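Have a look at the model first, then read on.

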Amino acid sequence: VQLQASGGGSVQTGGSLRLSCAASGSITSFTIMSWHRQAPGKQRELVAGFTSGGNTDYLDSAKGRFTISRDNAKNTVYLQMNSLNPEDTAVYYCKARYGSLIFWGQGTEVTVSS
């Protein structure tokens, strides 16, 4: 399984971006799909994800600004990010879990300038 993340870029504070994570296989097979990010000098953290129960989970600072969604027909998971601020600057990774197997995308960089 390969995950291809895209959609990153440079925006100013208050701007928006939509990230895409396209899977090489059916995403309905995965128990969990999520977006994570890693800022320079910091640990990777969960930003948003679909839980195994079908619910969504968000980083506290992302609630109300970010929305995770999926298009099963396109095998793609999205992360709509609004009201971006410099603290959102990071490399964003998508992650999928199939049983005990974990797959990561290659990352897409998001830079938010003030």
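1. A word on terms: buried means under 20% relative accessible area, exposed over 50%, and partly exposed in between (1.4 Å probe, protein chains only). Tyr 93, at 15% relative accessibility, therefore counts as buried. Bear in mind that this is a predicted model, where local features need pLDDT of at least 70, side-chain atom pairs count only at pLDDT 80 or more, and totals for chains, interfaces and linings use all residues. Residues are numbered from 1 along each chain as its sequence is written, and side-chain values use heavy atoms, with hydrogens and water left out.

2. The structure holds 2 aromatic pairs (rings of Phe, Tyr and Trp, the last by its six-membered ring, with centres within 6.5 Å; planes under 30 degrees apart are stacked, over 60 edge-to-face, the rest tilted). In one, the rings of Phe 30 and Phe 103 have centres 6.2 Å apart and planes at 55°, so the pair is tilted. Phe 30 is buried at 8% relative accessibility, and Phe 103 is buried at 18%.

3. Tyr 93 and Trp 104 have ring centres 6.4 Å apart and planes at 90°, so they are edge-to-face. Trp 104 is partly exposed, at 36%.

4. Look for charges over rings too (NZ of Lys or CZ of Arg within 6 Å of the ring centre and within 35 degrees of the ring normal). Arg 44 lies over the face of Tyr 93, 3.7 Å from the ring centre. Arg 70 has its charged end over the ring of Phe 50, 4.9 Å from the centre.

5. Finally, Gly 14 is partly exposed at 49%.
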